[in-house]
Amino acid sequence: MRIDKYLKVSRIIKRRTVANEACDAGRVLVNGNVVKASYDVKVDDIIEIQFGQRTVKVKVLNLNETVKKEAAAEMYEDLSV
């Protein structure tokens, strides 16, 4: 699954276009490397997203094409401090 779609489906970022723009701006890192929106996410990847002064760090637990709002948080584990 593409990273921009994963961020939207997991509800880490509300809209896919916003996720796409964050990737294009170099604010999304996977396993320490800046990635493009087309990057293929895999289970156990560590994703870091920089939102201004705040950085969100999550570990991918599973990849679902669609998920209900209540179950979205089960797609990742929050590693932010």
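Modeller: N31 is partly exposed, with a relative accessible area of 44%. Please bear in mind that the model is predicted.

Colleague: Why is N31 called partly exposed?

Modeller: Buried requires under 20% relative accessible area and exposed requires over 50%. The 44% of N31 lies in between, and N31 is therefore partly exposed. N31 is found in the loop between strand 1 (28-30) and strand 2 (33-34), and its phi, near 55°, is a positive value in a residue other than glycine.

Colleague: What makes R11 partly exposed?

Modeller: The relative accessibility of R11 is 43%. This value falls between the limits of 20% and 50%, so R11 counts as partly exposed. R11 belongs to the loop between helix 1 (3-9) and helix 2 (16-24). Its phi is also positive, near 65°, although R11 is not glycine.

Colleague: Which residues of helix 2 are buried?

Modeller: The buried residues in helix 2 are A19, A22 and C23.

Colleague: How do you know that the buried residues line one face of helix 2?

Modeller: Viewed down the axis of helix 2, its buried residues fall within an arc of 100°, so they line one face of the helix. They pack against helix 1 and strand 1.

Colleague: Which exposed residues does the face of helix 2 turned away from its buried side carry?

Modeller: That face carries T17, E21 and D24, which are exposed.

Colleague: What follows helix 2?

Modeller: Helix 2 is followed by G26, with a positive phi near 80°.

Conventions: Residues are numbered from 1 along each chain as its sequence is written. This is a predicted model: local features need pLDDT of at least 70, side-chain atom pairs count only at pLDDT 80 or more; totals for chains, interfaces and linings use all residues. Side-chain values use heavy atoms; hydrogens and water are left out. Helices (H or I, at least four residues) and strands (E, at least two) are DSSP runs, numbered from the N terminus. Buried means under 20% relative accessible area, exposed over 50%, partly exposed in between (1.4 Å probe, protein chains only). The arc is that of the directions from the helix axis to the C-beta atoms. Contact means heavy atoms within 4.5 Å.
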